[in-house]
Amino acid sequence: MIRQYELVDRVKGYDPNADEDLLNKAYVFAMKAHGSQTRHSGDPYFAHPLEVAGILTSLRLDTNTIVTALLHDTLEDTHATYDEINDIFGGEVAKLVDGVTKLSKLELTSEASKQAENFRKLLVAMSKDVRVLLVKLADRLHNMRTLNFIPKEDKRRRIAQETMDIYAPLAGRMGMQEMREELEDLAFQELNPAARKSVLKRLEFLRSESGDIIDRIARALKKELVDSDIDAQVLGREKRPFSIWRKMETKAISFEQLSDIIGFRVIVPNVEDCYRAVGVLHRTWAAVPGRFKDYISTPKRNDYRSLHTTVIGPEKQRVELQVRTHEMHQIAEMGVAAHWSYKDRVNGLSGANGNPFRWLRDIVEMLEHGDSAEEFLEHTKLEMFQDQVFCFTPKGELIALPRGATPIDFAYAVHTELGDSCVGAKINGRHMPLGTRLRNGDGVEIIRTKMRGPLPAWESMVATGKARSAIRRFTRQAKIDEFRQLGLEIMERAFEKLGEKFSEKRLRPALKKLSFKKPEELYIEVGKAELSSADVLSALFPQKTKNGAEETAGRPILPDKRGEPGVAIKGLTPGLAVHIAPCCYPLPGDRIVGIKTPGRGITVHTIDCATLEQFSDVPDRWLDVSWSDDAESTLGFSGRMRIVLENEVGALGTISTIIAENGGNISNLKLTTRRVDFFELLVDIEVTDAKHFNTIVAALHASSGVSTVERVRG
Ligand code: MN
């Protein structure tokens, strides 16, 4: 534990005018108030507020903030009262402690749907005094550092998830990168320990291969700069496991070289030196094109300033560099806290003239003027949570989702039942495919039906774990139901062939012989083809089947027709006839579903085909299918597009040339409308897959005579 005098010394170290007396009083007050309370770790409870205060001293915050940190849990967890704190420590501290307490209470009620509202309240709190949020972040950081002491797993996970969703991005948005990274990494450790471990293992391997490469590169960089009379400090730094993991996830790359995981910082005395340093580095080592960014002339919204570049450095490794002054460095690490130094401790947010945290001010203004949550989001253009989107239910409830989420995620986030019964969605009043990625501020209305459940293919369309697990659970059950139904039909037919009348009663004697408890179990085994109908029959009618009844086990109830040539689709029982739907023209690469039609086999539609609505009431006709990975890339798939063309001489020739140049083959062309200025065509084009089709669409778009091109579905 930090001793009383140590804490005071730390604060005095950066703020000689700190109120020593107040700090001492707060230390004693909190220690007495928490008394013999203990943490999950077994430590005295007081160790927690003390650590939180310690974190805030490293951000060099003012006396009142440190005092608030010491007192932050006294209102909630001890007998201390607001008036008492107000009397002893003054109105400002009392308000701050009260603010932190209110935020903590929000946490306790946090469910998915409440999170968004909590977030709004967070901002309200922050708008009154940003120090409330700084204390809250430090509180969360210490709680995350000691998360492993919490015995209940679901509680640990909830806290970790909330940290990942709300607090880490918030710290980042406030410019506190250090804190953001630590919060993320601690949450990552709880949420995905296996992934983190694999990153660490890989890191260790790379490290063992390259030795003290960080030092060697840092020395080489520094030498070059010092030789050019730049007083530079060079720091090499390994990125945190979560940062590496996120990069791997979002860019779908694996990290191979140490340079993917080390960043270098060059710190110089002034702005001019920043540009000179980059000049020297670019002269010495080849710069990687497209990687130079000037955040000094155009700072980021959170006031981050630096020059970024990547060079092929010493040892022929890519080296990522951030070049900045000491001041910029401090702001990059500490963000909003860096501005809260004792020097310009004025009136919080509003009083600080030239406060560079424009975004904070914008939000505060918004909160003052606009009161609907909708307006709030629209105006602030929330990039606050770069990895989240906020959407609305028709009633105006705010739903927070990860980026990339679709209406299906939305439906499940609202309620599992809504997800299970979802068949379509309106986004901002328009019918949109279920695979559409939601954007900030979208109003989402889920169209539901009683009959159907989620489709297996949805699993690849969702971004939330909640949706994914619900879909899986449902699919598993649906498969079993499908096998059961199939097994029943097979048994009925087998009986029929033998000239016997089928009934469950007549089947019963076979159950015991084959050791099943219920007929359903037998059906499922037969449906899965684990058990043949012949075996069942011979158990029942040994006489009749002696000569070997015709083998009727196996799958096909549907006629055994050949699939169309070139179609390779996974998830089908071999032997089923496959048709490509003539309404939506699915292409390899599209998300697809199959619809079973007795006597006709399977028709494959795109997941967003309008025709599918007809089948919404018959869930058992839906089939989980996907394109085979090894489908050969040959022409043979037809996609249809609608082109609106300027009515000019040669226009038609131009488009056929473009299509041919891009490897497509026009198989059918129809003029649908002709006017003086424009005409509209429907064109069927043979392509290899959806990507190929899109390339042609893009090429047509780029042509001057073409006004619109779109794919026709349904
Ligand atoms: Mn606390």
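Student: What is the relative accessible area of H34, and is this residue buried or exposed?

Tutor: Buried means under 20% relative accessible area, exposed over 50% and partly exposed in between, using a 1.4 Å probe and protein chains only. H34 has a relative accessible area of 2%, so it is buried. The model is a predicted one, in which local features need pLDDT of at least 70 and side-chain atom pairs count only at pLDDT 80 or more, while totals for chains, interfaces and linings use all residues. Residues are numbered from 1 along each chain as its sequence is written, and side-chain values use heavy atoms, leaving out hydrogens and water.

Student: Where does H34 lie, and with which residues is it in contact?

Tutor: Helices (H or I, at least four residues) and strands (E, at least two) are DSSP runs, numbered from the N terminus. H34 belongs to helix α2, residues 20-34. Contact means heavy atoms within 4.5 Å. Apart from neighbours within four places in sequence, H34 is in contact with Y45, F46, P49, D73, T74, D77 and T78.

Student: Which residues coordinate the manganese ion?

Tutor: Donors are N, O and S atoms within 2.8 Å of the metal (3.2 Å for Na, K and Ca); water is not among the atoms, so sites may look incomplete. Here, H48 (NE2), H72 (NE2), D73 (OD) and D139 (OD) coordinate the manganese ion at 2.2 to 2.4 Å. Along the chain, these donors have the spacing H-x23-H-D-x65-D. H48 is in helix α3 (residues 47-58) and D139 in helix α9 (residues 130-145), so this pair ties together parts 91 residues apart in sequence. H48 and D139 are both buried.

Student: What is the strand order in the open sheet of 3 strands?

Tutor: Strands of a sheet pair through backbone hydrogen bonds, either parallel or antiparallel. Two strands pair if DSSP finds at least two bridges between them. The order is β10-β9-β11, and the pairing is antiparallel. β10 (430-432) and β11 (444-448) are the edge strands with a single partner each, so one side of each has no neighbour in the sheet. From one strand to the next, the twist averages 40 degrees. β9 (residues 422-427) is joined to β10 by 3 bridges, and I427 stands opposite R430 of β10.

Student: Which strands form the open sheet of 4 strands, and which helix touches β18, β19, β20 and β21?

Tutor: This antiparallel sheet has the order β19-β20-β18-β21. Its edges are β19 (665-674) and β21 (706-711); each has a single partner strand, so one side of each lacks a neighbour in the sheet. On average, neighbouring strands are turned by 20 degrees against each other, direction ignored. β19 and β20 (residues 678-687) share 8 bridges, and K670 has L682 of β20 as its bridge partner. Axes are lines fitted to C-alpha atoms, for helices over the stretch in contact, and angles run from 0 to 180 degrees between N-to-C directions. The helix that touches β18 (637-646), β19, β20 and β21 is α26 (residues 651-661), whose direction makes about 145 degrees with that of β18. Helix α27 (residues 690-702) lies across β18, β20 and β21, at about 10 degrees to β18.

Student: At what angle do α22 and α24 pack?

Tutor: Two packed helices are described by the angle between their axes and the distance between the axes. Helices α22 (residues 465-497) and α24 (residues 519-527) pack at about 90 degrees, their axes being 7 Å apart. The residues in this contact include F483 and L486 of α22, with Y523 and I524 of α24.
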